[in-house]
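Subject: A structure for you to look at

Hi,

Here is the structure I promised to pass on to you. Have a look at it first, and then read on for what turned up.

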Amino acid sequence: MTKETILVVDDEKEIRDLITIYLKNEGYEVLQASDGEEGLLLLKQHKVHLIVLDIMMPHVDGIQMCRKVREIAEMPIIMLSAKTQDMDKIVGLTMGADDYVTKPFNPLELIARIKSQLRRYLKMSSAEIQDAHEIEIGDMRINIATHEIAVAGQKVKLTPREFSILELLARNQGIVMSAQQIYERVWQEEAFQSDNTVMVHIRKIRERIESNPRNPQYIKTVWGVGYKIEKDH
């Protein structure tokens with residue numbers, strides 16, 4: 001199982017080492033940087049799941065690094081600062097930080113904050129991955145990665161060509177696509193009298209996914225134009 005990687009950016013080696021010890025005891029991989037410039041370089045070289053970032057550092061400070069990170073990535077950032085003024089906290093969070101811990105800090109509290117932010121981040125990332133690979137339309141679920149389809153919990157088998165047509169319409173919900181457009185996108189060749197070919201495939205898809213193919217719930221015919229799956233089904 002892949003361990004999450006934490007990047008600790010602080011110009012004080014003792015603090016970096018202290019945080020690293022606690023993180024490694026929890027099973028995390030740890031990268032260390034002594035300033036924002038080094039931290040940004042490590043981000044380009046490694047997959048990082050969370051950043052512990054000191055505000056007051058030479059060269060590129062924590063606020064500058066946080067701003068630059070937010071231009072390219074969304075992993076959680078926990079800011080560290082010896083200052084306790086509310087303004088510092090507001091500035092850090094405004095720049096894109098997710099949490100804020102003041103020095104001196106209890107290492108166990110910091111670990112608890114890290115775990116909390118990671119749980120939220122990994123849950124969101126997992127949902128995004130699922131959304132990217134699965135389309136849900138009413139009672140129908142289309143898994144793009146595995147080419148599996150289920151309607152009301154029952155698995156449905158389609159040919160590769162039929163699946164491609166369904167996927168195309170599902171990815172373009174609310175858009176009417178002509179038989180010619182469908183043919184050229186799915187068959188990857190110029191359409192010549194393609195209406196009947198597409199119509200036959202649509203009929204076969206409906207026979208498998210519709211409870212009543214004569215009154216389709218999913219794939220609608222727009223007479224004289226083409227076919228579509230309604231948006232927000």
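What percentage of the residues of the protein count as buried? The figure is 44%, out of 233 residues. Please keep in mind that this is a predicted model, and every value here is computed from it.

Let's start with the overall picture. The protein has 8 helices and 11 strands. Its accessible surface is about 13800 Å², and carbon and sulfur atoms account for 49% of that. If you take the contacts between residues at least 6 apart in sequence, 54% of them join residues at least 24 apart.

Next, a sheet to find on your screen. Four strands make an open sheet in the order E6-E7-E8-E9, and their pairing is antiparallel. E6 (134-137) and E9 (154-156) are the edge strands: each has a single partner strand, so one side of each has no neighbour in the sheet. From one strand to the next, the twist averages 20 degrees. As a reminder, strands in a sheet pair through backbone hydrogen bonds, and the pairing can be parallel or antiparallel. Ile-135 has Ile-142 in E7 as its bridge partner. Helix H6 (residues 160-171) lies across E6, E7 and E8 (148-151), and its direction is at about 110 degrees to E7.

Now for the aromatic rings. How many aromatic pairs does a search of the whole structure find? It finds 1. The partners are Tyr-183 and Trp-187, which are stacked, with 4.6 Å from centre to centre and 10 degrees between the planes. Both residues belong to helix H7 (residues 179-187), where they sit 4 residues apart, or about one turn of the helix. Are they buried or exposed? Tyr-183 has a relative accessible area of 12% and Trp-187 has 13%. Buried means under 20%, so Tyr-183 counts as buried, and so does Trp-187.

One last stop is a loop residue. His-49 is in the loop between helix H2 (36-45) and strand E3 (50-54). With a relative accessible area of 11%, His-49 is buried too. Leaving aside residues up to four places away in sequence, His-49 touches Lys-3, Glu-4, Thr-5, Met-75, Pro-76, Leu-118, Tyr-121 and Leu-122.

Enjoy exploring!

Best wishes

Technical notes: Residues numbered from 1 in each chain as written. Predicted model: local features only at pLDDT ≥ 70, side-chain atom pairs only at ≥ 80, totals over all residues. Heavy atoms only, no water. Helix = DSSP H or I, 4+ residues; strand = E, 2+ residues; numbered from the N terminus. Buried < 20%, exposed > 50% of the residue type's maximum accessible area, 1.4 Å probe, protein only. Contact = heavy atoms within 4.5 Å. Areas by Shrake-Rupley, 256 points an atom, 1.4 Å probe, with all protein chains shown as cover. Phe/Tyr/Trp six-rings, centres within 6.5 Å; stacked < 30°, edge-to-face > 60°. Pairing = 2+ DSSP bridges. Axes fitted to C-alpha atoms, helices over the stretch in contact; angles between N-to-C directions.
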